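User: I am new to this structure. Please show it to me, and then let us go through it by question and answer.

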Amino acid sequence: MEKKIVVSGIRPTGNLHLGNYFGALRNFIRMQNEYDCYFFIADYHSLTTHPHPEHLRQNVKDILATYVACGVDPEKVAIYAQSDVPETAELYLFLNMNAYLGELERCTSFKDKARQNPNNVNAGLLTYPSLMAADILIHKADFVPVGKDQEQHLEMTRVFAQRFNHMYGTEYFGQPQAFNFGNNLVKIPGLDGSGKMGKSESGNNAVFLTDEDEVIRKKIMRATTDSGPTGMNQEKPEAIANLFQLVRVLCTRDVYDTFDAAYNNCSIRYGDLKKQLAEDTVRFVAPFRERIREILADDAYLEKVRRTGEEKARESARRTLAEVRHIIGF
Ligand code: TYM
């Protein structure tokens, strides 16, 4: 039986954090043994918000090294940069011909980015979902391992795929599904009390896989809390629920249960919870950090990984694009 196809990517806009790890990378590692996987670095996409060349090269290298350091095996999967597969850009052009302004404008990530940066509402930002659909459809993916924040983009990918099929009277594209082991897509919360873990101005909202032990401890000890529960078995407010969510993914079940019981009977001391969370996070991150450092030192190896991935990805992309051109009538 043919293996199912898996595609996913991460934008090279800075070091990867625990949100990227638990939302995406952890799935990459688990999926690589069972599926035909294409994992790329979304460097075209990063131009929508980070258009300057000076960091691009280093950021792409950092993510390449992080993939390998976290256990993505270049012998099993294609690891490449999005810009190494320019066939994607042509498929993006075709998909854009049938992507409507209204649906693109309604996309949550577009609205967020437009609000955050009203002076740079560019067409690349607007058509971000059709480029992402091109990344996925260029390999005719079945599954796309991503965090919860990408769910809407996956829905749009299915709409574009279906519309293409309808337009040309074909069943060429399938319906790729967002994927997470354990079913529900993950949202790792940030340390600032609200929202998801992500890259912020200060960097204090996220724990990066490259953070030093002391930096991790400081960030976690400073995470937002409140003055504590005032009654038995209260519902946890967002900032506290977020901390507990981090405890759930980084600490043992016992630790979670102990602090949960302490919250419920009002004996909890947030300082103790944070100390435990900090130590478990340090233990989790340190091996990745060291491995990333080692791999980053080996330019020749990284270049070889990228070129091998590029070759495999282009072969698949060329095939799809030739068929798509034929279907359209070129
Ligand atoms: P990006 O670069 O913002 O994030 C990369 C991956 O990390 C996940 N993620 C999280 N998951 C859980 N909790 C969080 N706090 C968290 N923060 C980030 C994201 O869901 C994502 O899986 N549009 C994509 C990149 C992309 C792509 C694609 C992905 C471009 N083309 C094709 C899949 C398939 C993005 O901006 O992810």
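Analyst: A term first: helices (H or I, at least four residues) and strands (E, at least two) are DSSP runs, numbered from the N terminus. Also note that this is a predicted model.

User: Where does lysine 140 lie?

Analyst: Helix 8 covers residues 128-137, and strand 4 covers 143-145. Lysine 140 lies in the loop between helix 8 and strand 4.

User: What is phi of lysine 140 near?

Analyst: Most residues other than glycine have a negative phi. Lysine 140 is not glycine, yet its phi is positive. The value is near 55°.

User: Is lysine 140 buried or exposed, or partly exposed?

Analyst: Buried means under 20% relative accessible area, and exposed means over 50%. Lysine 140 has a relative accessible area of 30%. Lysine 140 is therefore partly exposed.

User: Is asparagine 183 buried or exposed?

Analyst: Asparagine 183 sits in the loop between strand 5 (177-179) and helix 10. Its phi is positive too, near 75°. Its relative accessibility is 66%, so asparagine 183 counts as exposed.

User: Which residues are buried in helix 10?

Analyst: Helix 10 takes in residues 213-221. Buried means under 20% relative accessible area. The buried residues of helix 10 are Ile216, Lys219 and Ile220.

User: Which helix is included in what covers the buried residues of helix 10?

Analyst: Contact here means heavy atoms within 4.5 Å. The cover includes residues from 270-296, that is, helix 13.

User: What is the radius of gyration of the protein?

Analyst: The protein has 14 helices and 5 strands. For 330 residues the globule rule gives 20 Å, and the protein comes close to that, so it is as compact as a globular protein of that length. Its radius of gyration is 21 Å.

User: How many of the contacts join residues at least 24 apart?

Analyst: Take contacts between residues at least 6 apart in sequence. Among these, the share that joins residues at least 24 apart is 79%.

User: How far apart do the centres of the positive and negative side chains lie?

Analyst: There are 41 positive and 44 negative side chains.

Note on methods: Residues are numbered from 1 along each chain as its sequence is written. This is a predicted model: local features need pLDDT of at least 70, side-chain atom pairs count only at pLDDT 80 or more; totals for chains, interfaces and linings use all residues. Side-chain values use heavy atoms; hydrogens and water are left out. Buried means under 20% relative accessible area, exposed over 50%, partly exposed in between (1.4 Å probe, protein chains only). The radius of gyration is taken over C-alpha atoms; the globule rule is 2.2 Å times the number of residues to the power 0.38. Lys and Arg count as positive and Asp and Glu as negative; His and the chain ends are not counted. The place of a charge is taken as NZ of Lys, CZ of Arg, CG of Asp or CD of Glu.
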